[in-house]
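Please keep the model open while you read.

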Amino acid sequence: MGALQRIASAWSALTRANGNGKSQPPSSGAGSGYIGGPAYTDAFGMHPAPSPWKLIEAYKSLIYACVAINEQAVVRIPFRLYADSSKPGGKPRSFCEPRPAARSMHQHLRTLPYLRTLSPDVEDVTEVGNHPLLDALDKPDPTGQYFDKHQLFSLIVRYCDVVGVAYLWPDGPKGMPPRYLWPLYSQYVFPIRRADSVLLEGYQYFAEQIPFDQLLRFRTKTSLKDPYGAGYSPTYAAIEYARLEDQFVSIQDHLLSAGPRPSIVFSPKDPSMAPGEPERQRFEIDLDRKLSRAGAGRHLVTNGAWDVTPISYSPQDLAGLQISEYDRERIGNCFGVPPPYLTGDTNLANMQAADQFHARNAVEPRCHMIASVFTRLAKMFDPRLFFAFDPACPEDEEKAARIVDMNLKNGRITINQANEESPYEPVAWGDEPWISGTLVQPSMATEKHEQGMESAKAGAEALKAKAENPQAEDQPPKQDQETSRRIARVLRLVEARMGEK
């Protein structure tokens with residue numbers, strides 16, 4: 001930082017206070033280091049905190065597997081842009097390709113922690129299908145040959161899980177939505193703090209200084225040592241288990257490749273009458289030719305006198321395998337990856353429970369983190385806009401169908417309301433609820449009651465007419481003929497509606 005920048009920073013610190021006191025937290029003297037977790041990762045203080053590029057070097061083996069599981073789960077979930085028309089600006093225009101949000105999706109959006117002011121009316125929430133922000137996500141670089149949206153989200157999740165923080169540099173005309181989103185090397189981005197506060201003034205990225213408000217910063221876990229700057233990654237938390245696993249694999253590789261490990265030794269029967277060198281070489285060639293590779297297990301007949309000594313090694317590898325299983329479970333816990341994902345000893349019930357655990361404890365927090373950062377970017381240009389992922393937890397379709405069926409039979413919802421959450425089209429008679437226990441709509445019940453009253457009235461009049469004129473018994477009155485036609489018409493209407501149902 002140059003002298004002029006220091007003078008400007010000091011002047012802004014002097015003029016930043018308001019009538020209620022200081023508008024920023026006091027300086028802690030923590031500096032601008034990258035340490036987001038413990039200063040030493042082991043109990044004896046022998047292993048200092050890993051630097052960001054050291055964490056990148058740990059991106060292998062079990063760390064790679066756990067990061068890949070989280071990253072693939074996040075990029076599979078659809079990412080959508082929405083607009084809240086209750087905010088200033090009203091409903092989006094037609095060129096934004098607005099689509100009404102489903103009622104179940106609106107309920108999901110109402111539960112998101114970063115959408116506290118979302119309208120409670122589902123009619124106010126629409127999905128936006130065309131917007132410059134969506135174009136920047138689909139094509140983050142000018143050529144479109146380096147990244148796409150899935151690769152961009154993959155980088156964000158992997159950098160957050162390994163380094164603890166990810167950065168995007170929006171690029172475009174000032175005051176307008178960005179045209180491009182450039183990912184930065186997170187291991188080479190270092191925070192620059194203000195002179196009198198723990199707040200960040202900017203970032204040092206190689207030889208360039210970038211203002212704080214010009215980068216999008218993603219952090220899965222905020223560091224307890226430096227909540228304003230650093231992030232605390234799962235790789236940082238699991239680095240000792242990763243080192244132990246690496247040491248075990250390296251030792252096994254050294255034992256199997258660097259040193260001799262014979263499995264059998266042939267020695268002369270009589271040491272005083274050892275075979276000559278030509279005979280020894282011939283016997284060794286016969287062994288390799290007849291008993292190696294596909295010839296293993298065949299018999300060998302020799303005219304020499306040899307002692308055969310098989311060599312066995314102590315089963316110390318079994319203890320190493322137990323340590324490896326322990327490391328695998330601890331590393332998976334740090335990343336929110338359930339044990340059934342990393343072992344073959346499981347069943348369908350365990351995998352279904354593991355899917356729910358992983359979706360709620362690993363996938364949803366990362367989705368909320370990504371969507372909240374992009375929402376802050378969108379609201380800088382339009383207060384109506386916000387981003388959200390679809391629900392991460394898979395929905396139990398059978399359970400949902402039973403709930404819809406109960407609501408229909410109880411008259412709580414109508415057929416058309418149920419069809420809003422399904423691929424079925426609305427029907428003309430579907431805006432009325434069914435009466436509980438009868439599966440008859442109110443209009444049908446009223447019409448049926450009126451028809452019964454008319455029939456009863458007509459029957460009473462017919463009996464009265466018959467009593468007054470007994471001779472007219474063979475000729476039905478004109479009123480009875482009209483009643484019969486009405487009954488037939490009503491029966492046809494009822495049959496048609498029951499056929500539609």
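1. Let us begin with helix 3 (residues 61-75) and helix 6 (residues 149-162), which pack at an angle of about 145 degrees with their axes 9 Å apart. Axes here are lines fitted to C-alpha atoms, for helices over the stretch in contact, and angles run from 0 to 180 degrees between N-to-C directions. Helices (H or I, at least four residues) and strands (E, at least two) are DSSP runs numbered from the N terminus. The contact, meaning heavy atoms within 4.5 Å, includes Val67, Asn70 and Glu71 of helix 3, and Phe153, Val157 and Asp161 are among its residues in helix 6. By class, its residues are 6 nonpolar, 3 polar and 3 charged.

2. A word on the source: this is a predicted model, in which local features need pLDDT of at least 70 and side-chain atom pairs count only at pLDDT 80 or more, while totals for chains, interfaces and linings use all residues. Residues are numbered from 1 along each chain as its sequence is written, and side-chain values use heavy atoms, with hydrogens and water left out.

3. Next, look at helix 6 beside helix 11: their axes come within 11 Å and cross at roughly 115 degrees. Phe153, Ile156, Val157, Cys160 and Asp161 of helix 6 make this contact with Arg366, Met369, Ile370 and Phe374 of helix 11. The residues here are 7 nonpolar, no polar and 2 charged.

4. Helix 3 also packs with helix 11, at an angle of about 65 degrees and with axes 10 Å apart.

5. Where does the second largest pocket draw its lining from? Strand 4 (166-171), strand 9 (216-218) and helix 11 (348-379) each supply at least two residues. Of the 24 lining residues, Pro170, Asp213, Gln214, Leu215 and Met380 are the closest to the centre of the pocket. The lining has 15 nonpolar, 3 polar and 6 charged residues.

6. Finally, visit Lys87, in the loop between strand 1 (79-84) and strand 2 (98-100). Its side chain is joined to that of Asp84 by a polar contact of 2.8 Å; such a contact is a pair of N or O atoms within 3.5 Å, where within protein one must be able to donate a hydrogen and the other to accept it, and residues adjacent in sequence count only if both atoms are side-chain atoms. Not counting residues up to four places away in sequence, Lys87 touches Thr117, Leu118, Pro383 and Arg384.

Terms used
Nonpolar A, V, L, I, M, F, W, Y, C, P; charged D, E, K, R; others polar. 1 Å grid on protein atoms, 1.4 Å probe; cavity = no way out; pocket = protein on both sides within 12 Å on 5 of 7 lines; lining within 4 Å.
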